[in-house]
Amino acid sequence: TSKAKFDLSSGLLKMMEPFVEECDLRAKMVIDGQAQLQRQVDAFAAELSKLGDIKTPNLSVYAEKLNNSRKKLKRADILVMQTKERVANIARMHQQLLDSERRFLEREVIAPKEAAAAADAEAAPSAEADPTPAAAEPEKEAS
């Protein structure tokens, strides 16, 4: 069961990592693009205002579109952050599962084997040091 949980959490983690990285990259590209666009719009508006005989176009429509795009980008950024938190949570749970499995194996599998080996090691020298007729008789009966 723990192997299946481990495989599932590993698979989910590997499956979600590229998605999060791609979302981060795209969000950064959009933010950079919007910042560059805003600088160009500001520079363009400044150049137009310098020309006294040409009336400055109404940029409020474009500013509103840019503002709407920023809002959408903010929502996407929140989604990316939530996804990152979920991936981190999956990674943390995966590590906890590995630690739990290791402790279980140490407690239930390795420790009993070591105890049995120690008991065998203690029993073996005492049987060899004191060969009694009682110990020899079961061998005869087994023959």
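The model is a predicted one, in which local features need pLDDT of at least 70 and side-chain atom pairs count only at pLDDT 80 or more, while totals for chains, interfaces and linings use all residues. Residues are numbered from 1 along each chain as its sequence is written, and side-chain values use heavy atoms, with hydrogens and water left out.

The chain contains three helices and zero strands, and its elements follow the order α-α-α from the N terminus on. Helices (H or I, at least four residues) and strands (E, at least two) are DSSP runs, numbered from the N terminus. Helix H1 covers residues 2–50; at 1.5 Å a residue, these 49 residues should span 72 Å, and the end C-alpha atoms are 71 Å apart, which agrees. The expected span used here is 1.5 Å times one less than the number of residues in the helix.

Of the 143 residues of the chain, 10% count as buried. Buried means under 20% relative accessible area, exposed means over 50%, and partly exposed lies in between (1.4 Å probe, protein chains only). The accessible surface of the chain comes to about 11,500 Å², and 60% of this belongs to carbon and sulfur atoms. Such areas come from the Shrake-Rupley method with a 1.4 Å probe; for residues, only the protein chains shown count as cover.

In H1 the buried residues are Ser9, Ser10, Leu13, Val20, Ala27, Gln34 and Leu48. Gln34 belongs to this group because its relative accessible area is 11%. Leaving aside residues up to four places away in sequence, Gln34 touches Leu66, Ser69, Arg70 and Leu73. A contact means heavy atoms within 4.5 Å. Among contacts in the chain between residues at least 6 apart in sequence, 83% join residues at least 24 apart.

Charged side chains provide a further set of links. A salt bridge is a side-chain nitrogen of Lys or Arg within 4 Å of a carboxyl oxygen of Asp or Glu. By this rule the count comes to six salt bridges. One of them joins Lys84 to Asp24, with the closest N and O atoms 3.0 Å apart. Lys84 lies in helix H2 and Asp24 in helix H1, so the pair ties together parts that are 60 residues apart in sequence. Lys84 is partly exposed at 35% relative accessibility, and Asp24 is partly exposed at 26%.

Other salt bridges lie within a single helix. The side chains of Lys28 and Asp32 meet at 3.1 Å, N to O; being four residues apart in helix H1, they are separated by about one helical turn. Asp32 has a relative accessible area of 40% and is therefore partly exposed. In helix H2, Arg102 forms a salt bridge with Glu106 at 3.4 Å between the closest N and O atoms, and these two residues, four apart, are likewise separated by about one helical turn. Arg102 is partly exposed at 42%, as is Glu106 at 39%.

Helix H2 (residues 60–129) also holds Phe104, which counts as partly exposed at 42% relative accessibility. Together with Leu105, Val109 and Ile110, Phe104 forms a nonpolar patch on the surface, with about 310 Å² of accessible area. Patches are made of residues with over 30% relative accessible area and no salt bridge; like charges are joined within 9 Å and nonpolar side chains (Val, Leu, Ile, Met, Phe, Trp, Tyr) within 5 Å.
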